[in-house]
Structures are given as C-alpha cells and as structure tokens.
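Subject: A structure for you to explore

Hi,

Here is the structure I promised to pass on.

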Amino acid sequence: MLTKRRWLAAGAALAVVGGGVAVAQTATAAPTPHRCPTLQVSKGWYGDNRAKLQKMIDERGSCSGAGGARPVATFDWDNTVVKNDISDATLAWMLRHDKVLRPASWKATNKWLTDAAADALTQACGTSVPAGHPLPTSTDTGCTDEILDVYSDEKTSGGKEAFEGEWNHRRTVPSYVWITQLFAGHTPRALTSYAAEARKENLAAPIGTEQTVGTHKWAGYVRYYEQQRDLIGTLQKAGFDVYIVSASAEPLVRAWAPGVGIDREHVIGIRNLVRDGKLTTGVQGCGDVKDTNGEVLTYMDGKRCWINQEIFHVKGAKAWQQQDRAHRAAFAAGDAETDVTFVGDATAGHLAINRNKTELMCRAYDNADHRWIVNPMFIEPKPRKADPYPCATAGYTRPDGTLGPIHRADGSVIPDQKDTVY
C-alpha cells in the first residue's frame, strides 16, 4: 500500500465514488505558506517591543492581504536611525577643512541673529577674507569657537544672547536654521560630498570618540542603529513606503540615507533655496507659508506639514492639520520634541527612542491609543530620569515658547509620567 508521502509524490490520489469504484484523480500540491518579512535583529529591543513591531508589520503590511494603497512609514534621522547628529558631524568636518564661506554680513545670515552675535562673529572671524571665500577655521580657533558658541550654546563667547525676536516654537528654532545658513554658497552636491566625507570619518571612529573643533569637545563618531536598519528593510519588504523626515539639511541626509536603503526621493529635510545652482540662506516654506527665512522647518508641527504636503499631497493651510486615517502614516519613529507631532499622527504604531525628551515621552508613556512603543537608545542609552516627566504642568511647548500641560485628543490632561523604560 502506498504511503501518504509516496502517494503525493506520485501526483495522484484515489477517490471512492458512487458505486465504490476507485478512480485516479490529480493531486493538488499543498500550498506553500506565505512567509511574512520578519525582523532579524533581536538584540537591543526592550521587552516585547520586537514582537509588537512584528505584529504591526504583519497587520498593516503585504501579509495582511488588505490591498489598497501602500502603507507609509516615517522616521526621524538623528538619534533615531543613527546615534549622534549628522549636522553636527558635517559642520565639524567643514570647520576642520576650511569649508565655511565668509558671508558678506553675518547679520544677514539669520533674521533672529542679534547684533551682539553678528559683532562677535565679525570680530572673531575678521574681514580680511573676501566674502564668499573659505574662512581659515582649521587654524583660526577664535573664529571656530565663536561659530560653535552661537550655534550650540545660542550665546556669544562673551555670554550674550545670540538669537532674539519672535518665532513659532512649534515650527522652527533659529539655531537649527542658522546651521543650514552656514552652508550657503555651496552647491547641494558639494554639501552632500562634505557630509559623505564626515560620514566616512565618523563611521570609522570608535564608539565614544570625541573630537576637538576649535577648543570645543564634540562627538566624533556616528553609528547606524542595526535595529533600525533591520526595521526599515523589513518594512520595505512588507510593502511599506518608507521616508526619512529630518530637521537636518536635506543634502546631508542624502549622503547617509542609502546606508539604510532609502533613496533621495524618500528624504525630506530642511530645504534651503537654491539660486544660480548654490544654496542660499532662504528656506522653502510649507503649506500656506511661502518661502521664508526659516519660519517653517521640518521641526515639530512643521514635520507634519511637510509629510502631508510631500507624501500625501495635501496643499495649503490644510497641510498643518491632522489628516484622516487614509492620509496618515501607519508607523512613525522619533526621539525628541521635534518629532512628537508626526510620530503621534501614525495610525498603527509609534516608536519613541528614549532620550528623556519630555513631550514625546509623556505621550509615549501615556499610550492613549495603546500603540506606543518605548525603547532605550541602542547605543549609550540614557539613564533613568529620576523625577517624573512634568506632563500635567510643563510638558507642552506652546507656539510662543511658554510651557503648559499636555492634553490628549479628548481634552483631558496627561498626568505626570514616570520613566520606566531605560
């Protein structure tokens, strides 16, 4: 008698019909189960976070069989996909290689730059170098230090405020604008090449490396998070359309994004205006805000605007509003306040990398829709925050910069949250 295995191998089966006559009929091969794209990296994921992510991928990706439009996933870049900041890395490389060009007027680089900062930069960097030519920042420590003080501390070396005036604190940060304005005069391609050189240098440096720029100590290494590279690749295999949405200048991100399989068409960053092939200090607007001097960046609420405008093709003032579920990302990941709006907009999953940033962590720990995932930083994670996050009193940054309570969608206030994932 044929065994079941041999029977199937022979490609036939016997069926008893009507009067008990055995007839041969063609066997149908057992269907091969469809294997859903699966996350491969387990190290570094806290608790059951990897399982939660896999469940989300299975439910919203190609394995669900739901059909329709491809689901969208959106990732912040700095300290979300990589450890450390590629804007800082690129600026440091440019300062050490004399690639920052002297502006005709420091005051004209940024609408919020104070007279005190402009005077300090002029005094430190001098006027002997013609406008548009490289400053000798590799050897001129005073000039380099003043640039870094204004950018990183938002004060002059003498302690005076570097930026003043009014701006929407949920749409822009003057120092974030200013670093992109320091790139003015270069072509976008040249800036990408500088970022590529910084990338090579920072990936080669051991974890924990510090570099000296001027007299400042600066992070001297960057690493891709293997967990995020795996997550992005798995999402793509599962049919997700994956985008990077960064508050770094877009030409910088273009040098790094291919390392996680993201092409230039899926990168959204700060977009400075280009004139005669060269970057200027002007910045592209979003929604109903025209091209500006940086009043709107891919920052906080501005990230929502750019996602709505560039990915979902929502135009005008509506781009600032949360869209219906069909016009929102399924999944989003970030690490700071700059990401809180777009990460919260996701419909199927929100990943918060814990850097102890109040508004993001308040919403993540509150977990109002039960779809938030909190994970420590994969390299050099932050220690546990000793005190609860002040969600109920000072967690929300208002447009005027003052702080207030964070409200849920139903209007209720999020209570203070303890830091439990570290």
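This is a predicted model: local features need pLDDT of at least 70, side-chain atom pairs count only at pLDDT 80 or more; totals for chains, interfaces and linings use all residues.

Let's begin with an open sheet of 6 strands, whose pairing is parallel and whose order is S9-S8-S3-S12-S13-S14. At its edges sit S9 (267-270) and S14 (372-376), each of which pairs on one side only. From one strand to the next, the twist averages 15 degrees.

Inside the sheet, S12 (residues 331-334) and S13 (residues 349-354) are joined in parallel over 4 bridges. As an example to look for, Gly334 has Ala352 in S13 as its bridge partner. Two helices to find here are H2 and H12. Helix H2 (residues 49-60) packs on the sheet and touches S12 and S14, with its direction at about 140 degrees to that of S14. Helix H12 (residues 358-366) also packs on the sheet, where it touches S12, S13 and S14, and its direction makes about 125 degrees with that of S14.

Next, the largest nonpolar core, which has 119 residues. Among the members that touch the most others are Trp77, Trp106, Trp178 and Phe331. Helix H3 (residues 86-96) gives the most to this core, with 7 residues. If you click on Trp106, you will find Leu113, Ile147, Trp178 and Leu182 among its contacts beyond four places in sequence.

Beyond four places in sequence, Thr114 contacts Lys107, Glu161, Ala162, Phe163 and Glu164.

Enjoy exploring!

How values were computed
Residues are numbered from 1 along each chain as its sequence is written. Side-chain values use heavy atoms; hydrogens and water are left out. A nonpolar core is a set of buried Ala, Val, Leu, Ile, Met, Phe, Trp, Tyr and Cys residues joined through side-chain atoms within 4.5 Å. Buried means under 20% relative accessible area, exposed over 50%, partly exposed in between (1.4 Å probe, protein chains only). Contact means heavy atoms within 4.5 Å. Two strands pair if DSSP finds at least two bridges between them. Axes are lines fitted to C-alpha atoms, for helices over the stretch in contact, and angles run from 0 to 180 degrees between N-to-C directions.
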